[in-house]
Amino acid sequence: MDMKTNFNIGDRIHELRVNSGLSQEKLALRANITTTYLGLLERNQKNPTVKVIEQLCCQFNISLGDFFSPSQAPKKPGDAVSMQILAQISDRTEDEKLLILQTIKDMMRLCDLSKKNAQNSIQADADMKKDNMP
């Protein structure tokens, strides 16, 4: 980072939180700070201590160095919705995660079957209209 560049801690916290798919409430709870304080940090109305930044970094799974080097921040695959899903299950046990995974797979199979049935129904309707034409 260029020494002439200003670093905005609040924007960085907000960026990492959003990229992690965490709400202010969930991040504050996990980092052992209040939601109000986190909001003040993100709006640059308060300056965090190094200890607070370390607590936040722990929740983002990054080092202090990565926190202050946005261009080197670890890139996580996935879109915003995927990140929110990951954030929701991150503190679950391995057994719970496996159960959630199986549930998701079952739901996807049902969606695929539903789509296939809908396509078959549309095709059947088209075929009936063809057969009924003079």
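Contact is taken here to mean heavy atoms within 4.5 Å. On this basis, in the predicted model, I33 touches A28, L38, L41, V52, Q55 and L56, residues up to four places away in sequence being left out of the list. I33 also belongs to the largest nonpolar core, a set of 17 residues in which I33, L38, L56, F60 and F67 touch the most other members. Helices α1 (9-19), α2 (24-31), α3 and α4 (50-60) each contribute at least two residues to this core. The largest share, five residues, is provided by α4. In soluble globular proteins, nonpolar side chains tend to be buried together.

The protein chain as a whole contains seven helices and zero strands, and its elements follow the order α-α-α-α-α-α-α from the N terminus. Of its 134 residues, 22% are buried. Among contacts with a separation of 6 or more, 53% are accounted for by residues 24 or more positions apart. The accessible surface of the chain amounts to about 10000 Å², and carbon and sulfur atoms hold 56% of this area.

E42 is located in helix α3, which spans residues 35-42, and R17 is located in helix α1. The two residues form a salt bridge, with the closest N and O atoms 2.6 Å apart. Because E42 lies in helix α3 and R17 in helix α1, the pair ties together parts that are 25 residues apart in sequence. Both partners fall under the 20% limit for burial: E42 is buried at a relative accessible area of 9%, and R17 is likewise buried at 10%. The side chains of R17 and E42 also make a polar contact at 2.6 Å.

The surroundings of each partner extend this picture. The side chain of E42 makes a polar contact with that of H14 at 3.1 Å. Apart from neighbours within four places in sequence, E42 is in contact with G10, D11, I13, H14, R17 and Q24. With residues up to four places away again not counted, R17 touches L22, S23, Q24, L27, L38, E42 and F60. Two of these residues, L38 and F60, are among the core members that touch the most others.

In total, five salt bridges are counted. One of them joins E15 to R12, with the closest N and O atoms 3.2 Å apart. E15 and R12 both lie in helix α1 and are three residues apart, about one turn of the helix. Within this pair, E15 is partly exposed, with a relative accessible area of 34%, whereas R12 counts as buried at 2%. The side chains of R92 and E96 meet in a further salt bridge, at 3.9 Å from N to O. R92 is partly exposed, with a relative accessible area of 42%, and E96 also counts as partly exposed at 34%.

V81, I85, I104, M107 and M108 make a nonpolar surface patch of about 460 Å². Helices α6 (80-89) and α7 (94-131) each supply at least two residues of the patch, and the largest share, three residues, comes from α7. V81, one of the patch residues, is found in helix α6. With a relative accessible area of 54%, V81 is classed as exposed, since the threshold for exposure is over 50%.

Conventions: Residues numbered from 1 in each chain as written. Predicted model: local features only at pLDDT ≥ 70, side-chain atom pairs only at ≥ 80, totals over all residues. Heavy atoms only, no water. Helix = DSSP H or I, 4+ residues; strand = E, 2+ residues; numbered from the N terminus. Polar contact = N/O pair within 3.5 Å; in protein donor to acceptor, adjacent residues only side chain to side chain. Core = buried A, V, L, I, M, F, W, Y, C linked by side-chain atoms within 4.5 Å. Buried < 20%, exposed > 50% of the residue type's maximum accessible area, 1.4 Å probe, protein only. Patch = residues over 30% accessible without salt bridge, like charges linked within 9 Å, V, L, I, M, F, W, Y side chains within 5 Å. Areas by Shrake-Rupley, 256 points an atom, 1.4 Å probe, with all protein chains shown as cover. Salt bridge = Lys/Arg side-chain N within 4 Å of Asp/Glu carboxyl O.
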